[in-house]
Protein chains: 4
Amino acid sequence: MEELHLLLDDVSIITAMVTPFNDDNTQVDHERLALLIEHLLATGTEALLVGATTGEGPTLSKSEKLDLFKTTVAITHQRVPIIANVGSNNTQETIDFMNEVAEISGIDAALVVVPYYNKPNQAGLYAHFSTIAKLGKLPFLMYNIPSRTGVTMDVATTLRLALLPNVIGIKDCTGVTNLLALVHGTEGEDFAVYSGEDNYAFAAKAVGGNGVVSVASHIYGQEIAQMYHLIELGKVKDAAQIQMVLDPKIGALFATPSPSATKAVLADKGMPVGGVRLPLVMPSALEFETIKNTIDN
Amino acid sequence: MEELHLLLDDVSIITAMVTPFNDDNTQVDHERLALLIEHLLATGTEALLVGATTGEGPTLSKSEKLDLFKTTVAITHQRVPIIANVGSNNTQETIDFMNEVAEISGIDAALVVVPYYNKPNQAGLYAHFSTIAKLGKLPFLMYNIPSRTGVTMDVATTLRLALLPNVIGIKDCTGVTNLLALVHGTEGEDFAVYSGEDNYAFAAKAVGGNGVVSVASHIYGQEIAQMYHLIELGKVKDAAQIQMVLDPKIGALFATPSPSATKAVLADKGMPVGGVRLPLVMPSALEFETIKNTIDN
Amino acid sequence: MEELHLLLDDVSIITAMVTPFNDDNTQVDHERLALLIEHLLATGTEALLVGATTGEGPTLSKSEKLDLFKTTVAITHQRVPIIANVGSNNTQETIDFMNEVAEISGIDAALVVVPYYNKPNQAGLYAHFSTIAKLGKLPFLMYNIPSRTGVTMDVATTLRLALLPNVIGIKDCTGVTNLLALVHGTEGEDFAVYSGEDNYAFAAKAVGGNGVVSVASHIYGQEIAQMYHLIELGKVKDAAQIQMVLDPKIGALFATPSPSATKAVLADKGMPVGGVRLPLVMPSALEFETIKNTIDN
Amino acid sequence: MEELHLLLDDVSIITAMVTPFNDDNTQVDHERLALLIEHLLATGTEALLVGATTGEGPTLSKSEKLDLFKTTVAITHQRVPIIANVGSNNTQETIDFMNEVAEISGIDAALVVVPYYNKPNQAGLYAHFSTIAKLGKLPFLMYNIPSRTGVTMDVATTLRLALLPNVIGIKDCTGVTNLLALVHGTEGEDFAVYSGEDNYAFAAKAVGGNGVVSVASHIYGQEIAQMYHLIELGKVKDAAQIQMVLDPKIGALFATPSPSATKAVLADKGMPVGGVRLPLVMPSALEFETIKNTIDN
């Protein structure tokens with residue numbers, strides 16, 4: 001774990017990887033997975049987040065997830081850290097699954113989302129994450145995304161949790177105000193702060209955070225890497241310019257429920273990864289035309 | 001199913017029942033369940049919704065849910081319709097579970113929520129519910145609650161779905177505008193429109209809907225029944241008055257994440273139903289004091 | 001005033017009239033005003049609201065407003081009630097202007113908006129309207145439009161104000177829930193409840209309100225009148241159907257800041273009313289093409 | 001004007017000054033004004049914004065405003081820059097008033113708000129501010145506050161306007177994301193970026209902005225000055241700590257419509273500045289008790 005902390009210190013771009021399916025979406029396709037991982041590692045991705053929202057975690061069975069994690073470890077072969085999504089809105093179930101995943105050699109950390117749908121308050125959020133930190137066997141990033149979960153984990157709750165062992169960072173989608181507060185509130189601690197929104201990739205780094213957990217890096221990994229390189233060089237205005245160019249393209253990747261547009265664009269660029277499972281559906285022909293126009297523009 | 005439609009025609013108050021636990025919350029408590037059901041049937045409840053959000057569906061295991069459904073059927077003994085929550089954000093999993101539940105004799109219908117967290121669009125929502133209507137073996141109410149799911153099912157999508165067999169109604173939390181549109185848009189069809197918010201119990205009935213799927217009916221079933229009786233008598237202003245008196249008390253029942261306050265108030269009134277499971281926590285002493293003040297006022 | 005109350009009892013459609021300008025927008029154009037009023041009275045309008053938001057009140061000088069009120073009275077010649085907008089975010093200024101307007105013979109009532117920009121609380125709103133009711137010399141409708149003012153007048157505050165003499169009704173833009181509460185909360189009182197949103201024209205009447213203060217009636221007065229006629233006949237579903245057809249067209253009329261699209265559509269239909277004054281601007285050619293497509297569809 | 005730009009380069013704390021009234025609020029009280037200005041200049045304030053929202057601009061008559069501006073200039077005697085609020089939702093009226101104010105020797109700049117209530121779109125906002133930049137005789141800060149105006153001026157529109165002569169900066173209340181974008185988007189230009197929210201005072205400076213247009217500086221000017229000093233020294237975490245201590249106190253100052261709580265707290269601290277004018281009202285006794293508890297804590 002010490003090592004993971006050190007590893008994440010150098011990681012600015014974590015890709016929330018799509019899960020490639022075969023053509024009828026009934027199976028995870030290992031061959032396509034291998035091609036996708038090589039593509040990502042060649043274009044800026046510095047760590048992989050597997051089986052999360054972008055990876056259609058909700059419609060993978062438990063055995064599919066375990067298999068996906070193992071295969072990703074095998075293909076990646078320690079070239080970058082692997083983070084496995086284990087979160088749910090049931091604390092005990094999350095711990096049980098985390099500990100099953102912890103048996104897989106090569107999984108470096110977990111992602112644990114703020115519970116969705118049952119809407120705990122701050123006391124419940126603290127109880128949820130601190131119980132997992134105590135009983136779970138993997139270090140983990142928390143994931144705060146109010147638009148999906150219906151609740152917001154406060155900065156104050158996050159800062160209290162950041163002090164616990166095993167709680168190694170956050171993927172945050174609540175905006176730059178909070179990113180700034182988290183960065184300064186955990187200064188000197190071993191706690192990583194990532195934006196979970198590609199639109200805030202620039203901002204997250206510019207205010208001193210670690211970087212972004214990205215979907216856009218499937219397509220624009222090199223541009224994001226270049227943007228982060230410019231920030232490190234102090235060329236902040238040039239970096240901001242890249243974000244502005246990317247913003248509409250990021251919008252296109254989220255024009256239909258994620259990851260449907262990203263999967264469609266990957267296929268269009270010669271990298272088939274199958275469709276999405278219900279209740280998600282792929283972009284209609286008309287929707288895809290608009291997406292493609294923005295992407296190719 | 002014809003029969004259920006007829007039954008629901010006379011049902012204004014469906015209680016979304018809490019799931020009683022034993023004192024350490026490790027087991028569903030059948031004795032407490034039996035007492036609770038008798039209390040509800042004696043105080044206005046005309047149908048039971050089991051294992052839903054209020055029933056802590058997210059933290060019940062599958063076998064606990066099946067057991068809960070069976071026990072509820074046995075205790076209720078056909079006195080009121082029983083609706084079993086089977087929804088999830090995975091279409092296939094929902095169908096599989098619905099069909100397992102359909103094997104239980106005495107389950108009259110299911111509740112199927114709009115998928116939470118993975119945020120399908122309208123096309124995905126139509127695909128989700130229409131696939132379940134086709135492959136599932138229970139008639140069902142849809143459940144539209146944007147504050148929990150992060151997406152809103154449009155009136156237009158709902159009206160299209162209302163035409164399908166097996167889709168027998170909706171529990172809606174999107175406000176009175178939509179309730180009105182759904183009521184008039186399905187006039188003459190066999191489609192039930194319930195508010196899923198106790199605050200709109202009056203409004204739902206006043207605009208011609210069927211009534212409410214209620215949490216407050218655990219405590220205020222008689223008041224809600226009286227309110228609906230007054231509406232039927234044409235004494236609408238008197239009915240509105242009851243809603244206004246109830247509104248702050250309903251607020252108190254939702255002051256901490258549901259059903260924690262309702263469980264605490266039931267215990268305080270001599271009907272222990274255990275605590276809640278993580279990630280939910282019970283009201284703090286201070287929170288409960290405020291809740292109790294409003295309830296007892 | 002008694003008479004106005006009686007008059008409003010029969011008024012379902014109040015048109016919030018645009019103010020016709022000459023071609024360079026420097027003058028109110030009386031000839032165009034006369035043609036416009038004849039058009040409105042011939043197509044369903046039952047009362048005129050003059051110099052309000054749609055009438056570009058913020059960019060009319062005080063003398064232009066007084067002149068506009070007088071001219072409208074002269075043209076209308078008691079065929080329908082005339083309501084003059086006198087509201088501002090300064091209580092004293094509102095009273096002074098109301099009392100100046102009250103000198104104009106033929107003005108039946110005023111419209112007084114919830115103060116915008118300085119954001120009073122409920123106590124301030126009560127003080128504002130009750131002071132005007134006491135010191136002002138015209139009966140008035142209140143106007144509650146949070147999207148423009150930044151504050152919402154609560155139902156409770158409105159019901160208290162409804163008891164005061166001179167406070168004869170409300171133009172409300174806070175949705176059907178509140179319309180319903182206002183209708184039932186003022187049952188038996190002489191208080192008129194209008195929707196201030198064309199999208200809720202059907203709903204306002206269906207829940208027992210008086211009708212709508214409309215912008216769309218510049219173009220669709222006959223359709224709205226027909227819709228209201230159907231509700232009175234009990235053909236509620238047919239009426240709802242008209243609203244659904246109108247909804248996208250209403251959307252088009254508000255696609256650019258009101259009343260710019262309405263003025264452009266009127267001109268396109270052969271009834272020139274000039275442009276709008278800064279800070280508003282007319283629709284661009286591209287914007288107007290989209291608007292026209294929706295209107296003419 | 002060149003000089004003002006230079007002056008603002010050194011200004012981090014602009015106080016949006018309350019307007020002191022006499023005891024019955026009928027007159028601006030010049031003696032109290034003089035005491036207030038001395039207090040502000042002694043406690044961190046580096047420039048004065050006069051007659052703005054905090055200064056109850058909406059309920060000052062035009063002659064009161066002109067008189068207030070002149071008196072402030074006389075009292076301040078060039079010790080700090082003076083910025084006069086001249087904005088309204090009527091472009092022509094804004095220009096006329098700006099040019100009348102420009103005649104007052106000693107007014108360094110104006111504040112011009114995004115038009116409230118009539119809700120222009122981006123094209124209208126560009127037309128509004130660029131017309132004022134062209135025809136107005138004072139350099140000005142723009143003021144973007146969606147919660148009061150109902151519209152948001154986009155970053156893109158702001159950046160276009162920032163290129164115009166006379167447009168010297170912005171007071172922005174749209175959050176840290178936009179502050180960051182404005183700071184980097186105007187790098188190298190002579191354009192000042194201030195937060196208009198005291199809660200973002202730290203963030204505005206931490207991301208490279210000029211500072212804050214503050215209300216809290218009436219009470220906490222020294223603390224804000226100390227916070228900014230720490231940021232300049234690179235002690236960012238210590239600075240963030242001050243903001244966290246101030247946040248609930250800032251909340252208290254806005255617990256009732258601004259500036260009513262600030263005026264009440266000033267009086268409580270021995271600096272009477274009168275009450276507020278309708279439609280605003282002073283805090284009730286109960287409200288003030290809560291405010292005072294938070295302030296004095």
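Trainee: Buried means under 20% relative accessible area, so how does T158(D) count, buried or exposed?

Mentor: This is a predicted model, and in it T158(D) has a relative accessibility of 1%, so T158(D) counts as buried.

Trainee: Where does T158(D) lie, and which residues is it in contact with, leaving aside its neighbours within four places in sequence?

Mentor: T158(D) is part of helix α7 of chain D, which covers residues 155-162. With those sequence neighbours set aside, T158(D) contacts M142(D), M153(D), I170(D), L182(D) and F191(D).

Trainee: Staying in chain D, at what angle do α3 and α4 pack?

Mentor: Helix α3 of chain D (residues 62-76) packs with helix α4 of chain D (residues 91-101) at an angle of about 35 degrees, and their axes are 11 Å apart. The crossing of α3(D) and α4(D) is right-handed.

Trainee: Which residues meet there?

Mentor: From α3(D) there are K62(D), K65(D), L66(D) and F69(D), and these meet F97(D), E100(D) and V101(D) of α4(D). Sorted by class, this contact between α3(D) and α4(D) has four nonpolar and three charged residues, with no polar ones.

Trainee: Switching to rings, how many aromatic pairs are there over all chains?

Mentor: The count comes to 14 aromatic pairs over all chains. One of them is formed by Y116(A) and Y116(B), whose ring centres are 5.8 Å apart with the planes at 15 degrees, so the pair is stacked.

Trainee: Why does that pair join two chains?

Mentor: Y116(A) lies in the loop between β4 (109-113) and α5 (122-135) of chain A, while Y116(B) lies in the loop between β4 (109-113) and α5 (122-135) of chain B, so the pair joins two chains.

Trainee: And is Y116(A) buried or exposed, and what about Y116(B), buried or exposed?

Mentor: Y116(A) is buried because its relative accessible area is 11%, and Y116(B) is counted as buried at 12% relative accessibility. Y116(A) also forms a tilted aromatic pair with Y117(B), with 4.9 Å from centre to centre and 35 degrees between the planes. That pair crosses between chains too, running from Y116(A) in the β4 to α5 loop of chain A to Y117(B) in the β4 to α5 loop of chain B. Y117(B) is buried as well, with a relative accessible area of 6%.

Trainee: Which residues do the ring pairs link into a cluster?

Mentor: Ring pairs link Y116(A), Y117(A), Y116(B) and Y117(B) into a cluster.

Trainee: What about charges, which ring face does R160(C) lie over, and which ring does K205(D) sit over?

Mentor: R160(C) lies over the face of Y126(C), at 3.8 Å from the ring centre. In chain D, the charged end of K205(D) sits over the ring of Y228(D), at 5.2 Å from its centre.

Trainee: Back in chain A, where is S105(A) found, and is it buried or exposed?

Mentor: S105(A) is in the loop between α4 (91-101) and β4 of chain A, and with a relative accessible area of 64% it is exposed. S105(A) and L138(A) are 33 residues apart in sequence, and their C-alpha atoms are 11 Å apart in space.

Trainee: Last one, how far apart are the closest C-alpha atoms of chains A and C?

Mentor: They lie 17 Å apart, and no contact joins chain A and chain C. For chain B and chain D, the closest C-alpha atoms lie 17 Å apart, and no contact joins these two chains.

Terms used:
Residues numbered from 1 in each chain as written. Chains lettered and ligands numbered in written order. Predicted model: local features only at pLDDT ≥ 70, side-chain atom pairs only at ≥ 80, totals over all residues. Heavy atoms only, no water. Axes fitted to C-alpha atoms, helices over the stretch in contact; angles between N-to-C directions. Helix = DSSP H or I, 4+ residues; strand = E, 2+ residues; numbered from the N terminus. Left-handed = near helix turned anticlockwise from the far one by under 90°. Contact = heavy atoms within 4.5 Å. Nonpolar A, V, L, I, M, F, W, Y, C, P; charged D, E, K, R; others polar. Buried < 20%, exposed > 50% of the residue type's maximum accessible area, 1.4 Å probe, protein only. Phe/Tyr/Trp six-rings, centres within 6.5 Å; stacked < 30°, edge-to-face > 60°. Lys NZ or Arg CZ within 6 Å of the ring centre and 35° of its normal.
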